[in-house]
Each structure stands twice: as C-alpha cells, then as structure tokens.
Number of protein chains: 2
Amino acid sequence: MNIAELAQDHVSKDRLNRTLVELAQFGGRSDGGVSRETLTDIDKASRRYLIDYARSLGCTVSIDDCGNLFFRREGLQNLPPVLTGSHADTQPVGGKYDGAYGVLAGLEVIAALNEAGVQTERPIEVVSWTNEEGSRFGPGAMGSSAFVQPDRLAEYRQSVDPQGIRFGNALDEALAECADVPRVAMARPMAACVELHIEQGPVLESAGTPLGVVSGIQAVRWFTVQCTGTMAHAGTTPMGVRRDAMVIANAIANELYALAPRTATAPGTPELRMTLGRWQVEPNSVNTIPGRVEFTVDMRSLDDSELDAAEQALYAACKKHSGESEAAVVSKFFHRAPTYFPEGMLQVIEKGCTRASGKSGCHPPMRLTSGAFHDAMYLADHCPTAMIFVPSVNGISHNAAEETDLKDLVLGVQALAYTVVALACE
Amino acid sequence: MNIAELAQDHVSKDRLNRTLVELAQFGGRSDGGVSRETLTDIDKASRRYLIDYARSLGCTVSIDDCGNLFFRREGLQNLPPVLTGSHADTQPVGGKYDGAYGVLAGLEVIAALNEAGVQTERPIEVVSWTNEEGSRFGPGAMGSSAFVQPDRLAEYRQSVDPQGIRFGNALDEALAECADVPRVAMARPMAACVELHIEQGPVLESAGTPLGVVSGIQAVRWFTVQCTGTMAHAGTTPMGVRRDAMVIANAIANELYALAPRTATAPGTPELRMTLGRWQVEPNSVNTIPGRVEFTVDMRSLDDSELDAAEQALYAACKKHSGESEAAVVSKFFHRAPTYFPEGMLQVIEKGCTRASGKSGCHPPMRLTSGAFHDAMYLADHCPTAMIFVPSVNGISHNAAEETDLKDLVLGVQALAYTVVALACE
C-alpha cells in the first residue's frame with residue numbers, strides 16, 4: 001500500500017464530523033445555516049479556532065498580507081508545497097459546508113497522515129482564503145486572487161461594506177489579532193492545488209454519483225442593459241406615441257432567452273446558461289409607463305466562443321430594439337475566461353476518487369464542470385490546479401438548507417487525501 | 001346675446017391667471033411644480049384660500065362629510081344645481097393645473113356672472129373634491145365617489161398613509177378647522193356636472209386643437225401576475241432543470257404586448273392600452289435565478305369587450321406558460337367599466353367650445369376620450385355629466401413640468417362658462 005492509500009484509509013468520519021460541527025457553531029443559526037461573513041467578529045473567532053486546531057495537529061501556521069491563513073505540515077524535502085483548502089467565510093445566510101468543508105477536509109488529511117505516521121516528500125499546506133463570498137466586500141475570491149497577483153490587494157483594500165467599513169481597515173484589525181502568526185509572502189510557488197467543495201448544483205445528485213472530478217470552470221460575462229423610454233400616464237398615452245422601456249427590455253430578454261434553450265444536456269457538454277437576475281424599473285408604478293428599466297445578464301459557458309456569439313447577439317438585440325435612438329445601452333462589468341484544469345491533475349484525482357468509491361460500493365466518479373466560481377479558478381493561473389465535488393442535496397446552496405450526506409463528505413475527504421498525498425510524493 | 005354667451009365673454013384672463021398663481025403658491029416648488037397632497041397642512045391652508053375667495057365672490061360655502069367643499073351661487077329657482085369643479089390636491093410632486101385649474105375655472109365662471117350681472121335659473125355650485133389623487137391615501141377619487149355613494153366613506157376612513165395616519169382622523173381634523181362652514185348632505189341631487197381639466201396626454205396638442213369635448217372615459221382593469229420558479233445559482237444550475245420565474249414572466253409579458261400593438265390610431269377610436277408598470281423580482285441578484293417575479297397589468301380601452309378578450313388572453317397566457325404547475329397566478333385588484341357621457345351634454349359643450357374657439361380664431365373643438373380617471377367618472381353615476389379638456393404641453397402630467405398655455409386655459413374657462421350657464425338656464 002502506498003502512502004496515498006494509507007492516508008485515504010486513515011480519514012476519520014467522526015473526527016471530520018466533529019470539526020464540521022464545531023466550526024459551524026461560529027455564526028451557527030437555529031435553522032441549521034451559518035452567518036459568518038468575512039472579517040466579522042464571528043469570522044475572526046473562527047480563524048482562531050482553525051489556528052488552534054491546526055497547531056494541535058502539529059502544523060506551522062502563517063498568514064499573508066490578505067489575511068489568508070496557511071497550515072503547513074512539513075515534507076521530507078524543502079520543495080514548493082501541495083496546497084489544498086478553501087474558505088471559511090459564508091454568505092449573509094449560508095450553509096455549513098460551502099467553503100468550510102474544504103478547509104476542514106485539508107486539516108483532516110493532515111490528521112490522517114499524522115495517524116498513519118507517514119511523511120510526504122513535499123510539504124502540504126492547507127489554506128483558508130479570505131473573503132471568497134464577496135457578499136460583504138466586493139469582489140469575491142479576494143484572498144485567492146490577491147495571492148496569485150498581489151498587486152490586486154491595493155484596490156481591494158478600498159472596498160467598503162454596507163456599514164461603511166473599508167476592507168483594508170477590517171483586514172488590518174484581523175492581522176493585528178493574529179500577531180502571534182508569522183507573516184508569509186504572497187504568490188509563493190506551489191507545486192499544485194486541489195480544492196474540495198460541495199457542488200452547489202444538482203448534477204452529482206441526479207447522476208447518483210458521490211464524487212465529481214471537476215474538469216474546469218465555466219466562463220462568465222456579466223452585463224447591465226439599460227433601456228430608456230419615456231415615463232408617461234398609462235391611461236392617457238396612446239400606444240402609437242409610447243416609448244415604454246419595459247417593452248424594449250422584454251423584447252431584448254426574449255431574444256436572450258431564445259439563445260439558451262431549457263433542454264437537458266449531458267453533464268460536461270458546454271451549454272449556454274443565461275440568467276437575467278436583477279431588475280430595476282422606474283418609477284415602478286402600476287399606472288405609469290416605465291421610463292427606465294435596467295437588468296443584468298449573467299451568461300456562462302465552458303466554451304468561450306459560445307459566449308462571444310451570445311455577447312454579439314446581445315448587442316444586436318439592443319440595437320434592433322433601440323430603433324433610431326440609443327434606447328438600450330449595454331455595459332459589461334465582469335468577465336472571466338473558462339478555466340480548464342490540467343488532465344494530469346484530473347487523472348490523479350480520478351484514481352483517488354475511484355479507490356474511495358470502489359471501497360464503499362458507490363458509483364464511480366464522474367467528470368463535470370463547475371458553474372460557480374471558486375478560489376481554485378484563480379489558483380489555476382498560478383500552479384496545476386483542480387477540484388473535487390461532492391453532491392449538494394437538491395442542488396441547494398447559499399441557503400441555510402444547504403446539505404450533504406456525511407458519507408459523501410467522508411468520501412470527498414478520502415479522495416482529497418489520496419490526491420494531495422500522491423501529488424506530494426511525486 | 002343669451003346669458004351663456006354673456007358669461008363666456010366676461011371670463012377674465014387676468015383674474016383667472018391671478019388665482020392660478022395664488023393657489024399654486026400653496027405647496028409651490030422652485031421647479032414650477034406643486035406638492036400639495038390631500039389633507040396636509042398645505043392642502044388645508046389652500047382650502048381656506050378657496051373659501052375666502054369664494055366668499056369674496058358672494059358664494060355660500062358648505063362642506064360634506066368627506067370634506068368636499070361646495071361654493072354656491074344661487075339661481076332664480078330653488079332647483080338642483082349645476083355642478084362644476086375638480087380637485088385641489090396634487091401628487092407628491094405634481095403640476096399647477098391638474099385639478100386646481102378645474103376648481104378655479106368654476107370660480108371664474110361665478111366671477112364672470114357677477115361681472116355680467118346676470119342670474120341663472122338654477123343655482124351653480126363649484127366643488128373642490130377631497131383626495132382625487134390617491135397618492136397619500138388610497139384609493140383615488142375618494143371625495144367624488146363617496147359623494148355619489150356615501151356608504152363608501154366608512155371604508156375610506158380606515159385608509160392609512162405612509163406615516164401611519166388614518167384618513168378618518170385627517171378628515172376629522174380638516175372638518176374641525178372648517179367649523180365656520182355649514183355641513184351639507186352627500187348625494188344631493190344635481191342637475192348636471194361639467195368638469196374642466198387638462199388633458200394629461202398628447203392628443204389635443206398633436207391635433208393643434210385647444211378644446212376637447214370628452215365623450216367618455218376608458219374602462220380599466222388592474223391585475224397582478226405572480227410567477228413562481230425556483231431560486232438557484234446562475235452558474236451551477238443547468239438550463240434543463242431550471243424553473244426561472246423571469247422566463248415565465250417574460251413569456252407572458254410578450255403575449256400581452258402583442259395584444260396591444262404600438263400603432264397610431266385616430267383619436268376616439270377604441271384601442272387597447274397595455275402597461276406592465278410595477279415589477280418585483282426576488283432575490284434580485286445578478287447571479288441568482290429569479291425565484292419569484294410579480295408584475296402588474298394595467299389594461300384600458302373604451303370598449304369593454306376588448307378588455308374581456310384581453311383578460312381571457314392573460315389567463316390563457318398564464319396557463320400556457322405555467323406548464324403542469326401553478327407557476328403563474330393572476331389576480332384582478334381593480335376594474336371599472338367605460339364611462340360614456342350623454343350626447344346631450346356633449347352638444348352643449350360643443351356649442352360653448354365652438355363659440356370660444358371661433359372668436360379666438362383657433363381650430364374647432366374635437367371629441368376625444370379620457371385615458372385617465374377623473375371625479376367626473378363617478379359623477380356620471382349620479383347625474384348627466386361630461387368633461388372639457390385643454391392641451392397639456394408635450395402631454396406631460398403628474399410632473400413639475402406639467403404646462404398649458406394661458407390662452408388655452410382661458411379658452412377652456414370660456415367653454416365651461418357657456419356650458420354651465422346654458423345648463424343652468426335650461
């Protein structure tokens with residue numbers, strides 16, 4: 001038995017469950033959810049919990065300028081470490097596992113290695129990234145993206161939360177409270193990175209498969225479409241002279257929805273996903289013709305050329321329904337190309353997953369793509385990276401009702417243990 | 001010259017303009033608009049201004065249980081009076097003429113009769129209705145609808161404004177401040193009612209005609225459509241499993257807009273007017289599939305059977321796009337059948353308008369229908385009623401920019417003077 005298998009076999013369901021339950025108490029809610037937004041007092045208390053637990057496992061703890069926490073188990077050689085982990089912050093009302101699971105899974109791998117009494121060639125580091133959610137301070141994935149490209153931090157520090165608190169100030173306070181934790185450089189070389197996360201979607205559950213090998217992350221583009229009409233009385237204004245901003249918006253929306261048919265596709269097949277999620281209507285009154293309608297477009301695909309085509313179709317639809325005037329104006333406010341995780345990484349993960357699921361008599365792992373962003377998306381710019389997914393019950397996430405069976409959570413950590421240790425022994 | 005012509009010829013531009021300027025100072029804004037919501041301190045001060053001015057013209061002032069003010073010039077016989085007037089309250093930000101013009105026009109008719117030194121057979125009463133706008137306390141047209149059907153008042157008294165003040169309490173205070181004004185019965189017999197108002201739409205202006213004979217008021221029906229989907233992550237949820245409330249809403253909206261083409265029709269031709277004015281989207285986030293979308297439907301036509309067909313089409317569209325589940329639910333929350341003003345009334349008005357426009361070298365009057373509600377809509381249930389319109393510059397209303405040329409305002413009062421006096425001498 002190689003030590004990757006040894007590590008996998010020493011993953012403890014009870015120890016994992018205990019730490020999941022303990023961490024969920026920081027911001028835990030009576031409905032089973034967790035409210036632990038980044039750098040709040042609750043989040044800072046949970047950081048101390050992680051530091052203490054990691055030290056109890058013999059880890060060296062360090063922190064970087066963006067507040068990312070690293071828990072290191074040394075290897076036989078002083079080489080760039082294999083990184084695993086995720087984030088411990090949540091949405092305003094989130095679940096117990098989104099992020100937290102990946103961090104505690106990493107620490108469970110270290111606990112398993114300790115129990116097995118083996119050493120890896122490379123060091124293993126478990127990371128807890130700062131502000132993945134982006135709900136309190138925008139944008140999301142601040143910690144991981146700043147780690148990869150540290151010059152992003154200066155701008156992030158200016159981000160202000162709804163209470164007027166600046167991210168830079170909140171961060172400095174959190175760093176001051178970790179005066180006992182040595183500072184470590186950002187953008188340090190890493191041998192590889194593996195992130196274990198709940199799927200937050202329905203694919204694994206509907207396939208009846210507990211383990212997913214994530215081959216990439218969809219590209220995304222975000223737009224606002226501003227439609228301008230003329231506010232006027234719904235009763236007195238004849239149809240022939242109206243300029244109704246909602247009529248324009250509706251026509252554009254109609255063309256966008258037609259681009260993304262609601263038909264089932266095989267998992268992993270690129271499909272265009274189209275969501276018009278945020279709408280503002282002015283003056284928003286039953287008997288007034290809307291003078292202004294703004295809506296957002298979230299378009300995603302694993303195939304960037306499909307997004308190119310959809311973006312062109314959006315511009316064309318706006319032009320078509322604007323008529324002579326500039327009635328519909330598009331602006332793009334975020335975009336990210338697709339992330340393809342390297343095949344070599346996927347094969348290591350597949351081995352770990354296949355062994356874990358085989359031993360427990362489950363369906364073999366399947367490959368799928370991630371529809372959501374993750375810290376791994378940014379790490380993929382820095383080192384060979386990939387992800388492992390476990391199922392989300394009913395595909396629900398960002399919600400107190402977020403749930404995953406404990407046996408699936410254990411399988412995920414077993415797959416992770418194999419993968420991290422195999423990579424750390426290459 | 002008959003006395004209707006005499007009254008018409010004694011309308012004074014300067015006197016009318018002076019009272020319009022004076023009344024507009026109650027709640028007057030630096031942008032030219034007026035903020036004088038019903039039963040506010042400003043509105044109550046303006047009521048005192050109207051009482052004092054009417055008394056200076058020799059009128060007897062009375063008030064009813066809904067705070068409607070009546071300014072009476074006696075006739076030769078003790079017969080039911082001819083009623084004219086409108087309302088003095090405004091939208092939160094309204095214009096100088098919406099309502100106020102009709103009240104001051106009535107008082108100008110009395111001033112003209114005084115100057116001409118003539119008596120009518122019937123008394124003439126000028127009314128200032130309470131709470132036509134409905135912006136502070138809903139519904140609108142409380143005063144006129146309660147006058148016509150006094151049992152409505154008990155329910156109106158329970159209406160609460162955004163500050164938590166009950167209409168009944170605000171009304172009792174206003175009545176107490178008018179202790180010097182004798183109370184008069186509601187639902188008193190009236191010989192006829194004529195309301196002069198700005199058009200609040202573009203029809204007269206685009207026809208180049210200063211005077212409109214209003215032949216009726218469109219029917220209206222108000223609905224809410226509630227579309228229910230499943231809130232989910234925009235990135236992780238495949239198109240094939242989505243239930244997107246906005247997709248459902250968009251499809252229904254699309255069918256509704258198709259019912260009401262945006263083509264020019266001749267004024268007075270029944271056309272279906274369709275406005276989807278108020279939208280609420282939950283959770284209204286760029287990267288979350290809308291779980292719930294509610295929108296309002298305001299449909300109007302002079303032809304009630306056209307509304308019957310549109311209402312059926314609305315139900316059919318909701319059923320079609322709901323699929324198996326009850327994804328789209330319609331509820332009707334207001335409806336009013338069309339109002340047709342009697343031909344006899346229109347002919348008297350037409351005579352008055354034709355003589356006024358002829359003397360000033362303007363286009364002859366045209367017939368048109370009202371797209372908006374007016375107090376006259378309720379009075380039509382009580383006595384022979386009709387309306388006169390003057391143009392609104394650019395069709396703008398419910399807006400500080402509301403404007404009408406003074407010469408058009410004078411023509412309107414001349415037409416009103418003729419009509420009221422002719423009716424009071426029948």
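Q: Quick one before I start. What does "buried" mean in terms of relative accessible area?
A: Buried means under 20% relative accessible area. Exposed means over 50%, and partly exposed is in between. Keep in mind that this is a predicted model.

Q: OK. Is B:Arg136 buried or exposed, then?
A: B:Arg136 has 12% relative accessibility. That is under the 20% cut-off, so B:Arg136 counts as buried.

Q: Which side chain does B:Arg136 pair with in a salt bridge?
A: With B:Asp161. The two side chains meet at 2.8 Å, N to O.

Q: Is B:Asp161 buried or exposed?
A: Buried, with a relative accessible area of 4%.

Q: Why do such side chains pair at all?
A: Side chains of opposite charge can pair when their charged atoms come close.

Q: How many salt bridges are there over all chains?
A: The count comes to 66.

Q: Give me another one. What does B:Arg221 meet?
A: The side chain of B:Asp304, in a salt bridge at 3.2 Å, N to O. B:Arg221 lies in strand 7 (residues 219–228) of chain B, and B:Asp304 in helix 10 (residues 304–322). So the pair ties together parts that are 83 residues apart in sequence.

Q: How accessible are B:Arg221 and B:Asp304?
A: B:Arg221 is buried, at 8% relative accessible area. B:Asp304 is partly exposed, at 25%.

Q: And what about B:Asp381, what does that one meet?
A: B:Arg336, in a salt bridge at 3.4 Å, N to O. B:Asp381 is in the loop between helix 12 (375–379) and strand 16 (385–390) of chain B. B:Arg336 is in strand 13 (residues 328–336), 45 residues apart from B:Asp381. B:Arg336 is buried, with a relative accessible area of 15%.

Q: Over to chain A. Which residues are linked in a network of salt bridges?
A: A:Arg221, A:Asp304, A:Asp308, A:Glu311 and A:Lys332.

Q: How many salt bridges run between chain A and chain B?
A: The count there is 0. For polar contacts, the interface has 17 residue pairs.

Q: Which parts of chain A touch chain B?
A: Helix 9 (245–259), strand 9 (273–275), strand 10 (279–282), strand 11 (288–289) and strand 12 (292–301) each supply at least two residues. The largest share, 6 residues, comes from helix 9. By class, that side of chain A has 24 nonpolar, 20 polar and 10 charged residues.

Q: How many residues are in contact?
A: 54 residues of chain A contact 54 residues of chain B.

Q: How much area do the two chains bury between them?
A: About 4500 Å², 57% of it on carbon and sulfur atoms. A:Met239, A:Arg262 and A:Val286 supply 18% of the area that chain A buries against chain B. That is more than any other three residues.

Q: What rotation superposes chain A on chain B?
A: One of 180 degrees, with 0.1 Å of shift along its axis and an RMSD of 0.1 Å. The two copies are thus related as by a two-fold rotation axis. A:Asn250 is the chain A residue that comes closest to the axis, at 3.1 Å (C-alpha).

Q: Through which surface do the copies meet?
A: The same one: 100% of the interface residues of chain A are also interface residues in chain B.

Q: Where are the cis ones here?
A: One joins A:Glu282 and A:Pro283, with omega about 0 degrees. A:Pro283 is in the loop between strand 10 and strand 11 of chain A. Another joins B:Gly138 and B:Pro139, with omega about -5 degrees. B:Pro139 is in the loop between strand 4 and helix 5 of chain B.

Q: What is the phi of A:Gln200?
A: Near 65 degrees, a positive value in a residue other than glycine. A:Gln200 is in the loop between strand 5 (192–198) and helix 8 (203–207) of chain A. At 3% relative accessibility, A:Gln200 is buried.

Q: And A:Asn394, buried or exposed?
A: Exposed, with a relative accessible area of 57%. A:Asn394 has a positive phi too, of about 60 degrees. Its place is the loop between strand 16 (385–390) and helix 13 (406–424) of chain A.

Methods: Residues numbered from 1 in each chain as written. Chains lettered and ligands numbered in written order. Predicted model: local features only at pLDDT ≥ 70, side-chain atom pairs only at ≥ 80, totals over all residues. Heavy atoms only, no water. Least-squares fit on C-alpha atoms with pLDDT ≥ 70 in both. Contact = heavy atoms within 4.5 Å. Buried area = accessible area lost by both parts, 1.4 Å probe. Salt bridge = Lys/Arg side-chain N within 4 Å of Asp/Glu carboxyl O. Polar contact = N/O pair within 3.5 Å; in protein donor to acceptor, adjacent residues only side chain to side chain. Helix = DSSP H or I, 4+ residues; strand = E, 2+ residues; numbered from the N terminus. Nonpolar A, V, L, I, M, F, W, Y, C, P; charged D, E, K, R; others polar. Buried < 20%, exposed > 50% of the residue type's maximum accessible area, 1.4 Å probe, protein only.
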